[in-house]
Amino acid sequence: MGLYLNQYPLASIVLITGFMMILIGLWGMLTKTNIIKIIISITVVETGVNVILVSIGYIQGRTAPILDTAVLQIDALSRVVDPIPSALVLTSIVIGLGTTALMLSYVIKMYRVRQSLNIEDFGVLKW
Amino acid sequence: MGPLGLKIIYTLITLVICGVYGLLLGAFMAKTMARVQGRIGIPLHQPFVDIIKNYGKRTAISHGIMFYLGPVFRLTGGIGTLVFIPVIFGSEYFSNFSVAGDLLLVMYFIFFGQLGMALGASEGGHPYSPIGIARGLAQMCAFEVPFALAIIAIAIQYNTFSITEIVAAQQGGILSWTFFTNPFAVVAALLAMLGMNMYPPFSIVLAPQEIPIGPPTEYHSAYLGMLQSNRAIFAAAKLVLFMNLFFGGATNFPVLVLKTWAIYMCSVLVGAAFPRFRPEETIRFFLRWPTVIGIVGLLFAKYYLI
Amino acid sequence: MSSKDLLPNDGLSEIDQEFFCQAPPEYISPLPKPIEDFMNWARSESLFILAFGTGCGAIELRPLTTSRFDMYQYGIQMRATPRQSSVFIVGGYASVKTLKRIVRSYEQMQGPKFVVTLGSCPINGGMYWDSYNTINRIDHYLPIDISICGCMPRPESILAGFVELKKMIRAGQCDGANLYAKNFAWYKANQKRIIKDWNMPDYNW
Amino acid sequence: MIKRFFIALSLIILAGTFAKVVYNFVPNTELTNVAKHYVQHGTQELGATNLVTAVVVTYRGLDTLGEVVVLFISAAGVGLLLRRRKNDLVTKEEKRTEPSFLVQSVAEILVPLIFMLGAYIFLNGHLTPGGGFQGGAVIASGTMLLFLAAPYKHLNHGVLTALESISGFAYVLIGILGVTLLGAGHFIDNRFLPLGELGTLLSAGAIPIIYIIIGLKVGTELSVVLEDMREE
Amino acid sequence: MVAYFQNPLNIYITAMAAAFLLGLVHKLGKMASLTLFYGALTMMAAVTLGSALSLSQPLIIQTAGFIAPLSINLQFGYYEAFFTICVNIAALLGGLYLYDYLKDSVLARALFLMLVVGINGMIMTRDLFNLFIFIEITSIATYGLIGLDRNIKALSAGFKYILAGGMISAFFLLGTALTYYKTGTLNIDQIIAMKDVLQDPIGLTAITLLLTALLIELKPFPANGWGLDVYQGSNAGIAAMISVGVSTGALFALYKLLPLFPAQHMGIISGIGLATFFFSNLMGLKQTDAKRMLGYSSIGQMGLVLLALSFFHTAPLTMFLGIVGGLFLNHFLAKAALFWIAGIVKKDHIKEWGILSQSKMLTVVFIIAVFALIGLPPFPGFWAKWQFIMVLGSGNHTFIIAAILIGSLFEAVYLLRWFNYVLAGSEEKLACEKSKRVPVLIFGLITAFISALLIKSSLGPQSSIYFFPIAFAVILMFVGNFIPTKLRALFAISGISYLSYYVQMNVSGLNLIFAQMFLWGGMILSIATFYKTKAKPATYGLLFLMLASLGGLVLSRTTLEFFFCWEIMTLASYLLVISGKNAKKAALTYITFSLGSAAFLMAGFALSNSLTLMGLAALPSSQATIVFTLLALGFLIKMGAFGVHIWVPGAYAEAEDDISAFIAAILSKAGVFGLFVIAIYMQSTISNSTLAYSLGWLGILTATFGALMAAFQEDIKKLLAYSSMGQMGYVIAAVALMSHLGWVTALYLSINHILYKSLLFLSVAGVIYRVNTREMYKMGGLIKKMPISFISAMMAIIAMSGVPPLTGFGGKWLMYTALIEKGWHLQAALAFFASGIAFLYMYRLVHSIFLGQAKPEHKDVKEAPLWLIIPQVIFMGLMMVGSTLPRLWVEKLSVAVGEFMPSTLTWSGQTATTSLGYWNGFMVMNIVGVIFVIVLIFLLLTFQKVQKVKQFNIVFAGERPFTPETTHVAYNMYAPVQKALGGWVKPRATAFWDGVTEWSHTLSHMFAGIYTGNGQTYLFFILLFFLMLNFLIGAN
């Protein structure tokens, strides 16, 4: 084991970016009091996770898993990247979208009730 | 006439002797008190006359059945207590009905009369009766402690609850009396006896100046006569019990009279010299030094005598 | 005479009626002669005084218990409850207020019972004869066995009175309880004439 | 402040954990076994040149069905939250700014084009990068432009719902067809239709149909979501 | 068509098809879409059942025509079947329950269907990413449904849920990604097979991430604030689905992934479960909002299930289902019912819940649910918890056992406090739609049915002995509404008669004696219950149940049977107590201590590692000491020993008057029996040990302080209660003697206690019935009105005080002899003191009630009803026989005890002889009788005239008394004693337990303080939770 950043710059950069995004998103989720900003932070986290997912599937120097004229079936095994993470990312993006939509509608409703976007104003239930 | 018949006759004789003796002791007590106060005091036959007069009263009232039965319980308790104690050591017939039970029976039968009397007096409806009884009961459970400790010390020492055997174990010279073998227990018991006899300073039950005269306020005529009879018999019974337990018992009546008289004098002399405690003082008193002495007696018996 | 006519107990409220016995006193015939004589002797030798100081004379009773006079040697004792007493002492003047208590206490004593009065007032009112508040002749209200005169009688004379009382008892002359029972209506009427706020039963058992 | 400090501290610890992951991370140089199978046999088995589509629509078809469901319930949730109900107080409609002439006229030109592009994307999902979701999203973006251009215009909820309903149901139906035609274990199998010639539009069995359905469903659903949010 | 019902995949297909179609069908009309919705739910449940029934081996369902890992596969095995059945039935009924709610919104219906699909998917899928999707489906559907209520509570709760859910899904997805990176597959089975690959930092991080996500779904302490808010803020029907549905999915998902978790770290999961269980219940203590309280309870229960899961995830099917399944099922049934009821009641604060009592059926289900959660038999939780604790015991997990038992106690306290508020009643009308009522009732019935099944299956071959009485009791309770009181009483008595016949046929020796005490005593006492013209419907059923459980106690051979009967007895007696008029507070104290007692018993049995009572004998002495201590503590609590007696006065006093007699006379002997059982089996260890010595002192102290406290009571029943406590003290000491004479004494005292306490309580019941008060000073002079009651009370106190010639003396004689024979001298002295003090209260009792001055308002009081008199007469007769001929029964006791140790009591004629003394009860009786008669005749002869007078004809210093109230000396009668000894009986024990209560409430409040209501704080806790888990796994 060891640091392979030098050997595989692209995957590693993407990976690190993903983790950085998660950390940044978490920081936003935990410190921002504005709900909209929190939601944005969440999407940042999600995106970070997706980025990591992509970087995991990426194999240095390969292309997208579409077998057409550019990539022939015969040498596909050594030419394409892993299609599974891509499929997963696709799904995860859609799910993130759904969640975000729902969150935003919550925010709309919450704003209607309280006229506020500060998360500290929504602590009606506690203890 | 079988042995049972004989036994009954001897028991009756015991009763008469003890009754007369008890009354005389009462008179003697009053006389002593009077002398302490510089008076001549009642004639020795006064208690007899009082009893006769009370039985001879023409009218009486009854507050109800329990009121009526109260003195009956009381006298039964007194007589029964005496009957369950062997009076003269070595005499089969004067051991009365002590075959029915041991020391524990006697100790608990003492309560029989008191309980019945308490219920009877309560039915009288007089407020002083329950006050007096409440005091009496409180005092009783206080003096029971040193007394029980003494009794248990004896049970440890002689390893029996049978009064006859306890007396038997004390035969053989004055020094084998419990009084000398375990003086702590005896002192505790004698202190308890002060409370038991309800002479000052423990006369909180009758307390003529406060709650004239406590439980028997409503009792009169023949009831009162019975209570007075019981007082004599019961006093005698208790003295005999103490004598048996602590002073070697008696092999004949003169010795019995001598010993019980001596025991009785303790009460009398203390009574003549002291004013009255208050109820809570009484309780505290008994639960303090007499109890400590009793525990010492018990431990003495437990770890030294055996 | 039926008890109903005699004892309406009308001084009592309806609730109180429940709480008091309605029976009038009865005449109790003496026992056969020898027994009765013996009993009378016993009664005379065992006089239990109700320690109820009804008037100023009661102060003269106290010395009797002291070492100087010591009434105990004569068989006379104090008792705190009327139930057990046989001698009632009217200790001097009896006011209207006291009379009520005297009557009740006397009636609560069990027969045979004796009444002794001390001083002049119970006999004729004495120096208070014209007071609005003092009973002049106590024997209109209670059967008196013996009256000891003087204002007040000295303890010695009281003792003398008791000796006299004992003699009378032994002779069977003191039968106040039966007298009271016999003339109950008369006594009661007299008492009720004096005692306006009669709130006790007609006979206090 | 102290709160922020602790948050920062815990995030630093978390970063440490991540760092450990990164430190130990060896990028793949080979495909995983499953991926190998997909790459080697995917095209023959399913007839799709876009392997991602093959994975999305068939190999992991249940995921996609779930995905559709997620989108469906998101839309439903949004509707549930935002749509007026009978007993709601009717608030006065806010005044919306009229869009500029530029937006209006560009929209008139662009919206049909966008819709067309969307359709193209989902129709060619099995051949080229793209697919039902992507296409649907493009269609929804067209709707968005429509809203901007015509703020007072309402979409026809009835038609949208019907479209959405039918496409959803159709998807399930296709799934069942796999079972009924190919037997148990073939739920959401695209192969009940002939695979066709590799690389043509009408190939890869039911994948194009599924993508059409998904595209329609996603498009309508996202439009409905947008509509709901706008109407609120 | 049949195939349709046998393929679990159809659950999804049906639901999805229906959900997608709903929108379209809705256009046809509301009815159509509703039909579709409920049809789909029904079909889903039917498919689940059908699939489960046709299951012969675990079913693997492949999709897309490929074999996993190429495609996603689902698994429908026994475990999955069990959980999906639960979920889908709950969904069907939950959907029905939400009818009102769902009928207006087609979207909500679709969401509901998808929620169910999500849960089913979480349970069945074997693909990691697919699991993620199903988790998301479930979560998003839940978010949407929570938003159905558009009030601020629901919205803020829902939003917090979304925030938490966002974090969870990020964690899960990241975990999935890393797992895929390490293993190259997403199939769970393959991942598990390759789990060694995951033993490096990345793998462990992946596992930690996955586990964190799933654990957080289960709302572990402390990262569960959002969950609580959701339970509180959302609609009750939705909360129910979250509690029983979503949690189920998460639980099962966790179960699936648990093999991934390094086995050596399983303790972490256990710890999380335990902490969650303990702290949730602790925090629940202070809670007053009904739904939030249920939330705490839910979280706690899931914590317990998690704990069980961490122990048994690899256990064989039967054990897994028995423990994890049992605990889960218990939570599932009870929590759903309770949440639903909460939705019907629509009151937030538990104080307002009195309204529920207007619906009897709902109240019954409520009780069932609460009892199930507490873990009382025969509900599923009891069996599971028992097995669980037993397994823990065999593994010597003492700490876990303690935490579970204490946590359960907390839960019991707050649930039962809630129950008290329910019983308080309310004027308000309870509006309840049928659609809401039906699911609740069905769940109640299911619970009952499963409980019945469990009795049959768990108790083994002997089970029918326990099953039929319970069934009989339940029937008796339910027909209570329809048949007259007297008839019910008759049924109960005949039931008890049969039972006593049956039990006596089957036991011998000591057990026979106890059986006779329990059942004959109970039978005679039952006669008394006839006096009530109108008893509560359930009374007789419960009464029968209580006596039957006592009978069962005697019959039991295994620890489980014993404990089962013990708990049934607790349950029945608790319900009997609480049916008293103002008994709610007292009953709460009673049940709290009873459950504490049960907890000690459970712990004791668990640590004994023994399945049979007989097995207790085989324990090595160090273990036996601990086991004995625990079990003895359990029994002592039930006997009201000194220090844990504070439940005694309340329970005895506030129960209905005839019930008090049962509790005091009969029920208190259960503790004696228990003490005997362990003393017998562990005789060799305990004899002459410090333990027995301390027990002896405890007994004597109990006697002393019980008597002292009794002396200062104004309330007649409290007096009797403390008196019982005191008398039980003697029994404790006597058992602790561990000698032949000591045990004979204990038996003697117990039987005697039955006799006189029955007399006293019945007599007092009659008095209270007539005068309508329990304050003694308000009575007086009743002897003239109620002579038989008086005689019975008088005999009772003579017997109790130990005055010869009645039976009590035998007890005292045996006791002192035994004490001194053993060398416990100081104890004997203290016992003397205690029995002296006993005179105080006994006199007070009889005087204040029957003697002294009668009150005008009691002018028309009559003798107690005949039905109360009859048993008193019987008991008096028994007492007279027992007093006159003591050998008749004492010898039997002596022989029974003689089985265990050599007899030291010899008989000649009627004289009993010990090494210390002798006693002839027959002779004493005769002598006393003769003397009494002679003296009485003498008195009769002496009188010339006796005038019968009335109560005011008393000496009153020349005056007359004016009111009976001021003339009757009764109030604060022992003021001097109180002055002298009052300091001894300051309510220290009460103060101590109050302190315990206060402290636990303070702690509760303190811990609950972490739930600030701020979503961000909750998120932070989730993050910390992950870090903690990561640290624990990484550091080890």
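Helices, at least four residues long, and strands, at least two, are taken here as DSSP runs numbered from the N terminus. The structure described is a predicted model.

Under this assignment, E:Pro378 is found in the loop of chain E between helix H16 (360–374) and helix H17 (380–394). The peptide bond that leads from E:Pro377 to E:Pro378 is cis, with omega near 0°. A cis bond also occurs in chain C, from C:Cys151 to C:Met152, where omega is near -10°. C:Met152 has its place in the loop between strand S5 (146–148) and helix H7 (155–170) of chain C. Most peptide bonds are trans, and most residues other than glycine have a negative phi. A:Gln115, although not a glycine, has a phi of about 55° and lies in the segment after H4 of chain A. With 8 other C-beta atoms within 10 Å, A:Gln115 is exposed, because the exposed class takes in residues with 12 or fewer such neighbours. E:Asn772, likewise not a glycine, has a positive phi of about 60°. The loop between helix H32 (740–771) and H33 of chain E holds E:Asn772, which counts as exposed with 11 C-beta neighbours inside 10 Å.

The fold of chain B comprises 12 helices and one strand. Along the sequence, the order of elements in chain B is α-α-β-α-α-α-α-α-α-α-α-α-α. The radius of gyration of chain B is 19 Å, close to the 19 Å that the globule rule gives for 306 residues, so chain B is as compact as a globular protein of that length. Along the principal axes, the C-alpha atoms of chain B fill a box of roughly 55 × 55 × 40 Å. Buried residues make up 71% of the 306 residues of chain B. Of the contacts in chain B with a separation of 6 or more, 80% are between residues 24 or more positions apart.

Among the six pairs of chains that touch, chains B and E have the most contacts. This contact takes 66 residues from chain E and 66 residues from chain B. On the side of chain E that touches chain B, two or more residues are given by each of helix H33 (787–801), helix H34 (808–822), helix H35 (825–850), strand S5 (918–920), helix H38 (921–942), strand S6 (945–948) and helix H40 (975–981). The largest share of that side of chain E, 13 residues, comes from H35(E). By class, the side of chain E that touches chain B consists of 44 nonpolar, 17 polar and five charged residues. The contact between chains E and C takes 14 residues from chain E and 19 residues from chain C. The chain E side of this contact with chain C has four nonpolar, five polar and five charged residues. Chain A and chain B do not touch, their nearest C-alpha atoms being 53 Å apart. Chain C and chain D do not touch either, and 69 Å separates their nearest C-alpha atoms.

Helix H4 (residues 83–114) of chain A and helix H8 (residues 152–183) of chain E have axes that come within 10 Å and cross at roughly 155°. H4(A) is therefore roughly antiparallel to H8(E), as angles over 145 degrees are so classed. The crossing of H4(A) and H8(E) is left-handed. Residues of H4(A) that meet H8(E) include A:Leu102, A:Met103 and A:Tyr106, and those of H8(E) include E:Leu155, E:Phe159 and E:Ile162. The contact of H4(A) with H8(E) divides into 10 nonpolar, five polar and two charged residues.

Helix H1 (residues 2–24) of chain D packs with helix H10 (residues 201–217) of chain E at an angle of about 135°, and the axes lie 8 Å apart. H1(D) and H10(E) are therefore oblique to each other, and their crossing is left-handed. In this pair, D:Thr17, D:Lys20, D:Val21 and D:Asn24 meet E:Pro201, E:Ile202 and E:Thr205. Three nonpolar, three polar and one charged residues form the contact of H1(D) with H10(E).

Within chain E, helix H27 (residues 647–654) is mostly covered, with eight of its eight residues buried. The buried residues of H27(E) include E:Trp647, E:Tyr652 and E:Glu654. They pack against helix H24 (559–578), helix H25 (584–608), helix H28 (657–681) and helix H31 (716–736) of chain E.

Technical notes. Residues are numbered from 1 along each chain as its sequence is written. Chains are lettered from A and ligands numbered from 1 in the order in which they are written. This is a predicted model: local features need pLDDT of at least 70, side-chain atom pairs count only at pLDDT 80 or more; totals for chains, interfaces and linings use all residues. Axes are lines fitted to C-alpha atoms, for helices over the stretch in contact, and angles run from 0 to 180 degrees between N-to-C directions. Angles under 35 degrees count as roughly parallel, over 145 as roughly antiparallel, 65 to 115 as roughly perpendicular and the rest as oblique. A crossing is left-handed if the near helix is turned anticlockwise from the far one by less than a right angle, and right-handed if clockwise. Two residues are in contact if their C-beta atoms, placed from the backbone, lie within 7 Å. Ala, Val, Leu, Ile, Met, Phe, Trp, Tyr, Cys and Pro count as nonpolar, Asp, Glu, Lys and Arg as charged, and the others, Gly among them, as polar. The radius of gyration is taken over C-alpha atoms; the globule rule is 2.2 Å times the number of residues to the power 0.38. A residue is buried if 20 or more other C-beta atoms lie within 10 Å of its own, exposed if 12 or fewer, and partly exposed in between; C-beta atoms are placed from the backbone.
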